[in-house]
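Please open the model in your viewer and keep the selection panel at hand. The tour goes from one selection to the next, beginning with the aromatic rings.

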Amino acid sequence: LASSTSAFVETGRARLSQSATGLHRVNQYTIVHELGQGGWGVVMLVYSTRDGHYYAMKILNKKKLKRPRLVGRGKVLSDWLKVKQEIAIMKQMDHPNIVKLFEVIDDPEQDSLYMIVEYVDRGAVMSGDVG
């Protein structure tokens with residue numbers, strides 16, 4: 001796990017590349033494998049060549065998030081605003097029981113937003129028996 005003293009970083013450029021062995025990279029993060037999927041995107045396990053730590057990378061589709069949706073009584077909502085709120089809240093959180101946000105990569109020339117968060121290796125919160 002990464003150090004909890006690491007400062008939050010906002011990056012405005014996403015450099016996508018592929019190694020000779022076929023591994024995909026986003027900036028200094030090498031994609032190891034998929035951890036899961038959600039309504040807004042996919043979560044990947046990544047390895048940082050900069051600090052040698054593993055992180056979870058949430059890859060969100062900005063076009064899909066910015067698409068207006070109708071929600072009850074004619075109200076139009078954009079999921080993009082929800083993601084921006086999530087980022088703003090996560091930037092302020094610093095508690096051992098809350099997953100830490102380390103970096104957001106938001107390249108205006110890319111369709112994806114990348115959120116680099118603490119990797120918790122015990123799986124999803126709701127993956128086990130709750131009864």
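This is a predicted model, and the structure holds 3 aromatic pairs. Select Y29 and Y55 to begin with, whose rings form an edge-to-face pair, 6.0 Å centre to centre with 85 degrees between the planes. Because Y29 lies in strand 4 and Y55 in strand 6, this pair ties together parts that are 26 residues apart in sequence.

Since Y55 belongs to strand 6 and F102 to strand 9, the contact ties together parts that are 47 residues apart in sequence. Y29 and Y55 are buried, and F102 is buried as well; ring pairs link Y29, Y55 and F102 into a cluster.

Next, centre the view on Y29 and show its surroundings, where, beyond the neighbours within four places in sequence, the residues in contact with Y29 include V46, M57, I105 and I116. Y29 is also among the residues with the most contacts inside the largest nonpolar core, which has 14 residues, as are V26, V46, M57 and Y114. Colouring strands 4, 5, 6, 9 and 10 will highlight the elements that give two or more residues to this core. Apart from that core lies another, of 12 residues, including L60, L101, L113 and V117.

M93 sits in the loop between helix 2 and strand 9, and with a relative accessible area of 32% M93 is partly exposed.

Notes. Residues are numbered from 1 along each chain as its sequence is written. This is a predicted model: local features need pLDDT of at least 70, side-chain atom pairs count only at pLDDT 80 or more; totals for chains, interfaces and linings use all residues. Side-chain values use heavy atoms; hydrogens and water are left out. A nonpolar core is a set of buried Ala, Val, Leu, Ile, Met, Phe, Trp, Tyr and Cys residues joined through side-chain atoms within 4.5 Å. Buried means under 20% relative accessible area, exposed over 50%, partly exposed in between (1.4 Å probe, protein chains only). Helices (H or I, at least four residues) and strands (E, at least two) are DSSP runs, numbered from the N terminus. Contact means heavy atoms within 4.5 Å. Rings of Phe, Tyr and Trp (its six-membered ring) pair if their centres lie within 6.5 Å; planes under 30 degrees apart count as stacked, over 60 as edge-to-face and the rest as tilted.
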